[in-house]
Structures are given as C-alpha cells and as structure tokens.
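Let's take a friendly walk through a protein model together. Have the sequence and the 3D view ready, and follow along one stop at a time.

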Amino acid sequence: MQPRKIFLSIILALVLLLSAGLYSYGQKMVGPSQSKGTIRVGSKDFTESSVVAEIYALALEDHGYKVERKTNISSSLIHDSLIHDEIDLYPEYTGTGLLTILKKPVQTDPKKVYQTVKTDYQKKFDLTWLDYAQANDGQGLVIRTSVAKKYGISTISDLQKQAKNLRFASQGEFNERQDGLAGLEKTYGKFAWKSSQVYDNTLKYRVLENDDADVTPAYTTEGQLAQTDKFTLLKDNKSFWPPYNLAPVVRNQILQDYPEIRPILNKISAGLTTKKVTQLNAKVDVDKEDYQKVAKDYYQSIKK
C-alpha cells in the first residue's frame, strides 16, 4: 500500500473512532431521559385534585418521564382505577383512605391515620402511600370575619359559647350527621343558634357575603377561604374531625420500576400547606384561572 493511502486509512480510522466515541458520549447524555417510561397520573373531578395531580405530572415530566393524564375520574371510582391498573398514581386524602376505602373507625391524630392507611393499603391493595402533606382538606366551620372579630371567635369552642348570637347556614343533612352538627354537639356541647336555615352548598359564601347568615360548614381548603378579610376558618380545637391530609398513592410496581418517583413526589408534598393549597384553589375557583396554568406557575416557583 502506498504511503499516501496508508496515511488516509489511518485518518479515516481515527475519524471513525472519534465519531463512535462522540456517539457513545451522546448516548450517555440522553440515555437516562430516553430510558424513563410512561406514568399515568389520575385526578378526581374537582379543582384541588386536578391542580395537585397536574403539579405531580409536571414534576415527573421535568425529570424525564412521559406522563399520561387521566383527569376528572369520579371520587367513587378512582381507587378502583388504581388497583385495576388503569392509572399509576393520584392524590388522595388520608381521611378518605381511612373511612371510605378501609372503613375503619374514626381517628383524629394525623400521624396515626397516615400509618393506618399506609400499612393497610400495602397489605390489601399492594399500594404505597408516599409522604403526606401538611395540607388538610377536611371538614370545618367558617364564619364571617367581621363577626369573628366582634365576638372574639377563633375556635369552635368560642363559636359554641356565642351560638345564641349567630345565624347558621346549614346544608340540611349536616345537622343530622354524626360527622356534622350532631357529632359536634357531643364534643362541644349544644349549639343554640339565633336562627338556622338550610341553603344549597354552592350558595354558602354568597349567603355569608350578603349578611344572610354568619356561620356555615366548609371544607378547609376551599378557595374562598383565601379571602381572610371576609371569611375565617375556625380551629377545631377539640380535634373532632379526622384529618384529610394530601398524599400521592402509587402502585408498588411503578415504584419498583421507577424508584426515583418517590423523592420527586415527596418533595412536592413537603411544600403543600393548607394555606398554599387554599391559595391555589382560589386562583381557579375565585379568580377563574385555568388549573393547568395555576399548577405550572406554582411548579415553576418551587423548581430548583
């Protein structure tokens, strides 16, 4: 072989080796994102679940996973969707898991409720509860802030003592339920309201704003509660109601396949307080922003 041809052959070989090396390096750089699979994230059919599930989805996508969103699943069906392998995870509430799914007796200690659902879901359903958030979407009572200030009311015990001066806006069945007024009176004593009338649940904040009533049942992360100048959520100082802390519930197979999911979602839960979730709900239900935009804005604000 002529010297020139030998030289060209060597150059060609070096080029091929360099190209192979660059290709291999490129594969290492993109490999992890390409190797990550698809995760199906479900949500229930109300604002809070949609927002929180979307935050989960954005976090997973940000870490290289493809996400299929399964939105607006009925609350009565979503657990079955998970155990029947139709979704891989969704945001659930510890109180719902305890009372609705497991049908266990009421407990009011958040840590004990969480440990109960975590243990029993593993045994019965092969599902894992990841870390729970401080955010608690439970039952509560809300009072007009001006009235709370007038009578010095910040707890349900304060409310019970001042009930004779207050007008109660009930939703009918709340008065008879053991997790409603009937049960409250066993814990706090008789609520001798100045008056009590039944209103549709969807109208309760309008009723308070229009000064047609002073107090009404509420859920503790409803968006309107972000308007603290108008509405005050009373402290359940005797822990009558069970906690409903938010947490991701995940199929064990998915955690085995993609263990990185655990710290990704636990980081999200660590930042979700009752106040923060209430504010997110308010952006959708009060300010009428799109829930996906609200979730994206929030995720961008916590992303590091």
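This is a predicted model: local features need pLDDT of at least 70, side-chain atom pairs count only at pLDDT 80 or more; totals for chains, interfaces and linings use all residues.

**Charged partners and paired strands**

Residues are numbered from 1 along each chain as its sequence is written, and side-chain values use heavy atoms, with hydrogens and water left out.

Which residue forms a salt bridge with Asp 211? The partner is Arg 167, and the closest N and O atoms are 2.6 Å apart. A salt bridge here is a side-chain nitrogen of Lys or Arg within 4 Å of a carboxyl oxygen of Asp or Glu. Arg 167 sits in strand β6 and Asp 211 in the loop between α9 (204–209) and β8 (215–219), so the pair ties together parts that are 44 residues apart in sequence. Arg 167 is partly exposed too, with a relative accessible area of 21%.

Now stay with β6. Helices (H or I, at least four residues) and strands (E, at least two) are DSSP runs, numbered from the N terminus. Strand β6 (residues 167–170) runs parallel to strand β7 (residues 195–198), and four bridges join them; two strands pair if DSSP finds at least two bridges between them. One place to look is Phe 168, whose bridge partner in β7 is Ser 196. Between β6 and β7 the chain passes through helix α8 (residues 181–188), making a right-handed β-α-β crossover. Right-handed means that, with the strands pointing away from the viewer, the path from the first strand over the helix to the second runs clockwise.

Let's return to the charged pairs. The whole structure holds 20 salt bridges, including one between Arg 40 and Asp 85, whose closest N and O atoms are 2.5 Å apart. This pair links distant parts of the chain, with Arg 40 in strand β1 (residues 38–44) and Asp 85 in the loop between α3 (78–83) and β3 (89–93), 45 residues apart. Arg 40 is buried at 18% relative accessibility, whereas Asp 85 is partly exposed at 40%.

Asp 85 also meets Arg 251 in a salt bridge (3.2 Å, N to O). Arg 251 belongs to strand β10 (residues 246–251), 166 residues away from Asp 85, and is buried at 15% relative accessibility. Arg 40, Asp 85, Asp 88 and Arg 251 are linked in a network of salt bridges.

Note on methods
Buried means under 20% relative accessible area, exposed over 50%, partly exposed in between (1.4 Å probe, protein chains only).
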